[in-house]
Amino acid sequence: MRIGELAARAGATPRQVRFYEARGLITSTREPNNYRDYSETTLGRVQQIRELLGAGLSTEVIRAILPCMESPRDPIVFDGVLPETVTTLEAERDRLTERIDILTRNRDAVAVYLGELQQRAR
């Protein structure tokens, strides 16, 4: 499929797809007219990348863990995982945990404030 179709189906923009390719997260083949051609597997990969980015992972971390996955949505492959990848993932997990804690505190504070506003409005 061409870049526009891939982007639309994945909920991305063509610019984002080109960025993912430039960062080495996905690949394409070239048609004789030099248009990019993407497979159905790439569609799943782009969706997976977007989910990981949405979770707060950087493209560097995503690039590190993508080789651990045989294909999108399949179980993780453990062969060939480097110790550096484990260290990176541990740091990323800790960063996400801290972020979740902060978001939880902020959500709770907003809920208390909202409750007070609603109580006073009655």
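Predicted model: local features only at pLDDT ≥ 70, side-chain atom pairs only at ≥ 80, totals over all residues.
Residues are numbered from 1 along each chain as its sequence is written, and side-chain values rest on heavy atoms, without hydrogens or water. Local features need pLDDT of at least 70 and side-chain atom pairs count only at pLDDT 80 or more, while totals for chains, interfaces and linings use all residues.

Glu5 counts as partly exposed because its relative accessibility is 40% (buried is under 20%, exposed over 50%, partly exposed in between, with a 1.4 Å probe and protein chains only).

Next comes Glu21, which lies in helix H2 (residues 14-22). Beyond its neighbours within four places in sequence, Glu21 is in contact (heavy atoms within 4.5 Å) with Ile26, Thr27, Ser28, Arg36 and Tyr38.

The last stop is the second largest pocket, whose lining includes Ile26 and Thr27. On a 1 Å grid over the protein atoms alone, a pocket is an open set of points where a 1.4 Å probe fits, with protein on both sides within 12 Å along at least five of seven lines; lining residues have an atom within 4 Å of a point. Helix H3 (residues 40-54) gives the most to this lining, with 3 residues. Also among the lining residues are Arg45, Arg63 and Pro67.

Note on methods
Helix = DSSP H or I, 4+ residues; strand = E, 2+ residues; numbered from the N terminus.
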